[in-house]
Amino acid sequence: MSASISPGRVSTGVAGLDEMLKGGFPQGHVVLVLGPPGAGKTCLGLQFLNEGLSHDERAIYLSLEEEVAALEATARQFSWPIEDARRKNKLKMVMLDPQHANNAMKRIMSELPRELEEWKPKRIVVDSVSLLSLLAENDAERREVVFNLAAACRKCGATTIFIGEADPIHPQASRDGLAEYVADGVVLLGYEEDPDRHGVRLAMRVVKMRRTSHMRSRQPYVIGPRGMDVDAKAVDLGSL
Ligand SMILES: Nc1ncnc2c1ncn2[C@@H]1O[C@H](COP(=O)(O)OP(=O)(O)OP(=O)(O)O)[C@@H](O)[C@H]1O
Ligand SMILES: [Mg+2]
């Protein structure tokens with residue numbers, strides 16, 4: 001659950017992350033949520049949408065990875081009524097198949113900006129921008145598709161999460177090396193061995209967030225039955 005939110009801010013749906021951001025994402029931002037597989041990127045994306053849906057906002061989830069049924073099953077296990085919102089036409093799930101790159105590119109470059117302009121969602125999630133950039137045939141097209149989509153999201157007035165896969169060699173950078181520059185903000189998720197608990201510890205850090213101050217420390221988070229929960233008060237874990 002999120003705390004009360006300041007003007008010009010959009011609750012992320014994760015109270016600890018709102019605290020790290022001094023009140024949530026600045027309204028209208030495109031924020032890259034970057035992390036390795038299984039770090040909870042999709043979970044955070046759905047939690048962010050659910051927060052808006054619970055305030056009767058319209059939302060769009062653009063997926064190049066998981067099918068609607070899988071995303072709804074994920075949401076169901078956290079008791080987020082995503083299915084219900086889709087039936088009530090508050091939430092649009094747009095599926096793009098990376099196997100059909102030409103169709104997917106056409107949808108993103110021409111149809112989607114129009115759809116966003118007409119439908120005016122308050123929240124958008126793109127899962128993932130890494131797959132999106134793979135649809136492009138060359139670097140110039142890759143830049144164009146990521147820039148255009150970010151511009152269309154900003155133009156329609158939404159606040160947006162771009163989900164990005166971390167580069168396996170340089171986990172603080174995205175696979176395409178592009179989205180972190182296009183985005184207004186970057187939230188980095190990561191995990192590491194935790195010798196104290198004989199397991200893995202999850203932590204996140206706000207790398208950049210234009211037009212706001214924010215915590216720069218690395219804060220632990222867990223994924224539990226109610227979704228993601230960040231401890232913004234924990235002592236800094238070091239550099240992620
Ligand atoms: N109900 C749950 N309770 C606790 N942890 C969960 C639950 N559901 C999922 N998780 C954790 O969340 C992880 C998956 O999160 P998510 O799908 O959001 O990751 P992701 O970063 O999007 O991964 P990918 O890069 O593969 O798409 C699981 O690997 C698991 O550790
Ligand atoms: Mg995912």
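I began with the ligand. By class, the shell around ligand 1 holds five nonpolar, six polar and two charged residues. My classes: Ala, Val, Leu, Ile, Met, Phe, Trp, Tyr, Cys and Pro are nonpolar, Asp, Glu, Lys and Arg charged, and the others, Gly among them, polar. Before going on, I noted that this is a predicted model, where local features need pLDDT of at least 70, side-chain atom pairs count only at pLDDT 80 or more, and totals for chains, interfaces and linings use all residues. Residues are numbered from 1 along each chain as its sequence is written, while chains are lettered from A and ligands numbered from 1 in the order in which they are written.

Which residues come nearest to ligand 1? Of the 13 around it, I got Gly 38, Lys 41, Thr 42, Cys 43 and Ile 223; a residue is near if its C-beta atom, placed from the backbone, lies within 6 Å. Helix α2 gives the largest share of that shell, three residues. Both α2 and β10 (218-224) supply at least two residues each. Helices (H or I, at least four residues) and strands (E, at least two) are DSSP runs, numbered from the N terminus.

Next I looked at α2 itself.

Then its packing. The axes of α2 (residues 41-53) and α3 (residues 68-77) come within 10 Å and cross at roughly 75°; I take axes as lines fitted to C-alpha atoms, for helices over the stretch in contact, with angles from 0 to 180 degrees between N-to-C directions. That makes α2 roughly perpendicular to α3 (65 to 115 degrees; under 35 is roughly parallel, over 145 roughly antiparallel, the rest oblique). Thr 42, Cys 43 and Leu 46 of α2 meet Leu 71, Thr 74 and Ala 75 of α3, contact being C-beta atoms, placed from the backbone, within 7 Å. Those residues split into four nonpolar, two polar and no charged.

Most residues other than glycine have a negative phi, and most peptide bonds are trans. The Asp 127 to Ser 128 bond is cis, omega near 5°. Lys 22 has a positive phi of about 55° and, with 15 C-beta neighbours inside 10 Å, counts as partly exposed. For Lys 120, phi is near 45°; this lysine is exposed, with 11 other C-beta atoms within 10 Å.

Definitions and conventions: Two residues are in contact if their C-beta atoms, placed from the backbone, lie within 7 Å. A residue is buried if 20 or more other C-beta atoms lie within 10 Å of its own, exposed if 12 or fewer, and partly exposed in between; C-beta atoms are placed from the backbone.
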